[in-house]
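Me: I am new to this structure. Please walk me through some of the terms used for it.

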Amino acid sequence: MDLGSRKEDVAVDKRVREAGLRPTRQRIALADLLFAKGDRHLSAEELHEEAIAAGVPVSLATVYNALHQFTQAGLLRILAVEGSKTYFDTNTSDHHHFYIEGENRIFDIADGPVTVTNLPEPPEGMEIANVDIVVRLRPKRRD
C-alpha cells in the first residue's frame with residue numbers, strides 16, 4: 001500500500017468516526033469507494049458492483065445497511081427518483097437534480113435560479129427540512 005492510499009484511508013476513517021459511526025473495515029472500504037471520486041450519485045447495487053470489482057468482500061445487504069447508516073449520520077443524501085430506484089448522493093448540500101429517463105442517470109443541476117414558491121404550511125410541530133427537485137429529461141422527439 002502506498003503512502004497516498006494510506007492517507008486517504010486515515011481521512012475516510014476520521015470522516016466515518018466524526019459522523020458517529022464505528023469505522024469497521026467494511027464501512028471504511030465502502031466510504032473510500034463512495035468519497036474517493038468526488039461528488040457522485042450511486043445506487044446500492046452500483047456501489048456493491050464497485051466493491052466486488054475492488055476486491056471488497058461485502059454482501060448487498062451490508063452495502064444497503066452502510067448506505068443507510070451513512071445517510072442517517074449526514075454523510076449522504078438519499079434521492080428516490082423512480083419508484084423503488086434510490087440513489088445516494090455524496091453532496092449533502094442543498095441542490096437539485098436532473099434525471100435522464102431510460103438511462104437511470106442522475107446529476108446535479110448547476111447553481112442557478114431554481115426557486116420553489118407557495119410551499120404548503122407544514123403540520124403543527126413540523127418544519128420543512130428541505131425540498132428536492134428532480135427534473136426528468138429524455139431525448140427530444142423528432143417530428
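Reply: Start with exposure. Buried means under 20% relative accessible area, exposed means over 50%, and partly exposed lies in between. Keep in mind that this is a predicted model.

Me: Why is Asp-13 called partly exposed?

Reply: Asp-13 has a relative accessibility of 23%. Buried would need a value under 20%, and exposed one over 50%. The value for Asp-13 lies in between, so Asp-13 counts as partly exposed.

Me: What makes Arg-17 and Asp-13 a salt bridge?

Reply: The rule asks for a side-chain nitrogen of Lys or Arg within 4 Å of a carboxyl oxygen of Asp or Glu. Between Arg-17 and Asp-13, the N to O distance is 3.4 Å. That is within 4 Å, so the pair counts. Side chains of opposite charge can pair when their charged atoms come close.

Me: Where do Arg-17 and Asp-13 sit in helix 1?

Reply: Helix 1 covers residues 3–18, and the two are four residues apart in it. That separates them by about one helical turn.

Me: How do you know that Lys-14 and Glu-18 form a salt bridge?

Reply: Their closest N and O atoms are 3.9 Å apart. The cut-off is 4 Å, so this pair passes too. Lys-14 and Glu-18 are also four residues apart in helix 1, about one helical turn.

Me: Is Glu-18 buried or exposed?

Reply: Glu-18 has 60% relative accessibility. Exposed means over 50%, so Glu-18 counts as exposed.

Me: What does the salt bridge between Arg-77 and Asp-132 tie together?

Reply: The closest N and O atoms of Arg-77 and Asp-132 are 2.3 Å apart, within the 4 Å limit. Arg-77 lies in strand 2 (residues 77–82). Asp-132 lies in the loop between strand 5 and strand 6. The pair therefore ties together parts that are 55 residues apart in sequence.

Me: How many salt bridges does the rule give?

Reply: The count comes to five.

Notes:
Residues numbered from 1 in each chain as written. Predicted model: local features only at pLDDT ≥ 70, side-chain atom pairs only at ≥ 80, totals over all residues. Heavy atoms only, no water. Buried < 20%, exposed > 50% of the residue type's maximum accessible area, 1.4 Å probe, protein only.
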